[in-house]
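The sequence and the model are shown below.

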Amino acid sequence: MSIQVNNIRKQFGSFTALQDVSLDFPTGELVALLGPSGCGKTTLLRIIAGLESADSGQVLLEGQDASDTHVRERQVGFVFQHYALFRHMTVFDNVAFGMRMKPRATRPSEKAIKAKVLELLKLVQLDWVADRFPSQLSGGQRQRIALARALAVEPRVLLLDEPFGALDAKVRKELRRWLRRLHDELHITSIFVTHDQEEALEVADRVVLMDHGKVEQVGTPEEVYRHPASPFVYSFLGSVNLFHGRVEGEAVHVGEDRLAPGKVDLAHGSEVFAFARPHEIDIVVDGSEAGGVAAKISRILAFGVTARVELDGLNGSTGEVFEVEITRAEVARLGLEEGQAVRLVPSRLRVFERNAAASGASQAPNWVI
Amino acid sequence: MAGAVAVLHGAGDQSARFESKAATREPTWVKWALIAVSMSFFAFFLLLPLVAVFVEAFRKGWDTYINALLEPDALAAVRLTLTAALIAVPLNLVFGVSAAWAITKFDFRGKHFLITLIDLPFSVSPVVSGLIYVLVFGAQGWFGPWLSDHDVRVIFAVPGIVLATVFVTFPFVARELIPLMEAQGKEEEEAAVVLGARGWQTFWHVTLPNVKWGLLYGVILCNARAMGEFGAVSVVSGHIRGMTNTMPLHVEILYNEYQFAAAFAVASLLALLALVTLVIKGWVERQAGKSSFGNDDE
């Protein structure tokens with residue numbers, strides 16, 4: 001089922017949770033709503049489910065306005081962060097609940113319910129816990145039961161609110177892969193909320209990045225990672241080095257240092273943020289190099305496949321901290337050591353105008369995923 | 001209070017752990033001194049009066065005891081007490097559940113005011129609670145003339161006693177449920193609604209089973225108080241023998257008339273009720289402890 005939200009606004013007291021959000025979720029895709037806590041992603045999910053009502057705007061389910069449709073008629077499956085399993089019911093009864101609550105006319109027979117529950121428990125690979133109570137299960141198992149319970153009413157869309165948020169790192173990773181496989185089997189339109197960028201990039205077909213109640217960018221994981229549309233997206237997805245600079249001709253000046261980003265089509269003199277990922281920066285030890293930013297190595301962490309070099313900015317970027325990822329062979333070749341003064345030359349630099357970033361995009365585009 | 005119940009229940013394991021470690025163990029004499037102090041206090045202030053009630057009740061023999069209980073006025077008092085409790089407890093069950101539901105599941109103006117109001121019967125003296133009804137429904141009260149015109153008696157009659165009992169016992173169920181339902185949050189109900197459950201289905205299948213032990217605990221306390229209430233009922237009752245006397249009032253009358261054996265006989269019934277209440281309460285606590293134990297690791 002396709003989901004469309006149009007100009008959704010939501011205010012909690014003086015806090016604006018969502019300001020004019022418009023999104024199109026196509027049928028059959030797994031979409032991640034990604035953003036820091038308080039960005040409005042959970043609120044948006046709850047509005048789509050009908051658990052929260054928007055102050056203004058519409059939710060269209062399959063092209064029909066669902067604003068006046070009660071939650072129980074929306075046919076959505078909702079998975080809660082803390083599972084929300086019925087603690088006094090066995091796993092079986094939990095999964096059967098949705099079917100048993102149907103009006104007598106449409107309620108399946110107890111036999112049909114039993115078959116369906118067992119089928120779902122097999123699907124989530126937990127058919128052997130049917131008689132247990134939720135408190136006897138691990139967190140990962142509970143969340144899978146919660147998913148089975150949500151699927152039992154054959155929802156047209158599956159909404160997951162930080163489904164792996166309460167789990168430990170290892171289980172989380174397992175469930176992530178499992179959810180992806182499950183989605184590939186069922187092809188049910190799904191939206192899941194997360195604040196974990198790795199999770200979003202790994203699992204989703206599309207990622208919606210949100211900040212301060214607004215959509216910042218929509219795209220495939222590859223697109224949003226490779227081509228961040230705003231400073232927020234850039235710094236939220238992966239670690240990043242930030243240079244505060246000013247455009248002068250073709251180059252970005254950071255104090256008296258000069259970065260050459262290749263091509264900048266911003267007005268002369270505009271204040272900018274320049275971003276580079278840790279692996280997109282070269283360390284130059286040659287004293288004759290005039291380009292790049294001066295910095296002093298504060299620490300070299302060389303325990304992984306790549307070495308991580310931490311540096312303190314000098315001159316114009318004093319007070320800034322930078323991080324560079326290079327191979328260990330490179331560290332040895334350059335003879336880097338802690339305390340050494342070097343220059344950082346970005347091989348790839350993304351420049352954003354500072355004012356535009358600060359004021360934010362005033363128009364709210366209708367993001368089509 | 002059910003939260004406290006679970007805590008109390010868990011204290012056993014914790015104190016055992018505390019005791020078994022040399023580093024945290026107190027000298028033996030401290031332990032025994034504390035036990036001796038609390039035990040002798042318990043014996044003197046709680047056990048002795050309880051024993052005294054039964055000893056006095058049976059002082060003049062089994063026959064006097066039975067006669068005192070089977071006397072028509074005593075039977076009328078028992079009947080009235082049961083009637084009052086039978087009306088007050090179900091009413092407060094409904095009021096308490098709806099108040100707790102309203103407070104924990106909805107946001108509305110005046111919520112804090114309502115919470116404070118629920119505590120009013122606890123904070124005000126029972127005599128005042130009784131007087132309120134006399135002022136409102138009494139012959140000289142606001143509705144007095146209208147009521148007497150329509151030949152309805154509230155004060156110095158059964159309705160007054162029921163009203164006073166309902167008022168005094170109102171907080172028990174609500175007070176018990178509010179913290180419990182607050183701690184459980186709305187998520188399970190939301191899950192039920194998303195799964196297609198209607199309002200009453202959600203209440204019946206999800207909310208109620210989750211609070212049943214707390215609810216039962218509240219009902220037991222409510223019942224104990226409803227049967228034992230003296231002050232408020234005394235003001236509105238008028239002490240008409242065989243008509244508007246509840247058990248506690250009957251005990252007082254007998255005592256004032258120097259019929260000690262009879263007074264203690266009826267009192268022993270109330271004491272027995274208290275003991276039965278304690279036993280049931282203990283059982284409920286254990287059940288609640290069990291079920292909350294299973295859910296603590298959520």
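## Contact between chain A and chain B

In this predicted model, B:E188 and A:R87 form a salt bridge (a side-chain nitrogen of Lys or Arg within 4 Å of a carboxyl oxygen of Asp or Glu), with 2.7 Å between the closest N and O atoms. The rule finds 2 salt bridges across the interface of chain A and chain B.

Contact, meaning heavy atoms within 4.5 Å, involves 24 residues from chain A and 22 residues from chain B. The two chains bury about 2300 Å² between them, 55% of it on carbon and sulfur atoms; this is the accessible area (1.4 Å probe) that two parts lose on being put together, summed over both. In chain A, the residues that lose the most area to chain B are A:R72, A:R87 and A:M101, together 33% of what that side buries.

Residues are numbered from 1 along each chain as its sequence is written, and chains are lettered from A and ligands numbered from 1 in the order in which they are written. Local features need pLDDT of at least 70, side-chain atom pairs count only at pLDDT 80 or more, and totals for chains, interfaces and linings use all residues, while side-chain values use heavy atoms, with hydrogens and water left out.
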